[in-house]
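Hi there,

Here is the structure I promised to pass on. Please have a look at it first, and then read my notes below.

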Amino acid sequence: GGPSGSGGGGASDTFLPWLDQQPERVLRMAASAEGKSVVLDLCSCFVSTAVGVYLEKTAGINAFDDFFSAASRAGNREAVQEIAGHVTGEAVRTMVEVVSPGMMMGPHGGVGGAAGGRGARPPP
């Protein structure tokens with residue numbers, strides 16, 4: 001498959017076999033100042049294209065309206081309650097860890113849950 005259009009071709013046919021055969025050389029090149037510049041340009045191009053496609057595909061969509069519409073459906077009630085419970089539990093856990101780090105320690109020094117003993121502090 002060459003650039004004539006039959007069977008793909010292009011950069012992947014040329015570059016990827018070279019990459020597989022000489023990975024150390026590719027890494028050295030990528031670590032150089034010029035290589036870093038190329039990698040940065042490639043990443044910037046990729047992100048710009050991805051954001052552009054996302055914005056184009058989601059034009060006219062209000063994600064918050066869609067989310068709250070789905071969350072308020074009776075068929076989704078159990079899932080929404082489960083998610084809300086997990087989010088609330090993690091928020092409280094994080095707050096307790098920040099305010100009093102020792103309170104969340106289990107009997108063996110690890111983070112304890114219901115089985116780890118609530119309020120239990122590790123032995124001195």
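The notes below cover a salt bridge, a surface patch and an aromatic pair.

This is a predicted model, in which local features need pLDDT of at least 70 and side-chain atom pairs count only at pLDDT 80 or more, while totals for chains, interfaces and linings use all residues. Residues are numbered from 1 along each chain as its sequence is written, and side-chain values use heavy atoms, with hydrogens and water left out.

Let me start with charges. The count comes to one salt bridge (a side-chain nitrogen of Lys or Arg within 4 Å of a carboxyl oxygen of Asp or Glu). The partners are R93 and E97, whose closest N and O atoms are 3.7 Å apart. Both belong to helix α5 (residues 77-99) and sit four residues apart, about one turn of the helix; helices are DSSP runs of H or I, at least four residues, numbered from the N terminus. R93 is partly exposed at 23% relative accessibility, and E97 is partly exposed at 31% (buried is under 20% relative accessible area, exposed over 50%, partly exposed in between, with a 1.4 Å probe and protein chains only).

Elsewhere, Y54 in helix α3 (residues 33-57) is exposed, at 54% relative accessibility.

Finally, the aromatics: the whole structure holds one aromatic pair (ring centres of Phe, Tyr or the six-membered ring of Trp within 6.5 Å; planes under 30 degrees apart are stacked, over 60 edge-to-face, the rest tilted). The rings of F67 and F68 have centres 5.1 Å apart and planes at 75 degrees, so they are edge-to-face. F67 is exposed at 52% relative accessibility, and F68 is exposed at 52%.

As for the patch, F46, V47, V51, Y54 and L55 make a nonpolar surface patch of about 550 Å² (residues with over 30% relative accessible area and no salt bridge, with nonpolar side chains Val, Leu, Ile, Met, Phe, Trp and Tyr joined within 5 Å and like charges within 9 Å; areas by Shrake-Rupley with a 1.4 Å probe, where for residues only the protein chains shown count as cover).

Best wishes

Conventions:
Helix = DSSP H or I, 4+ residues; strand = E, 2+ residues; numbered from the N terminus.
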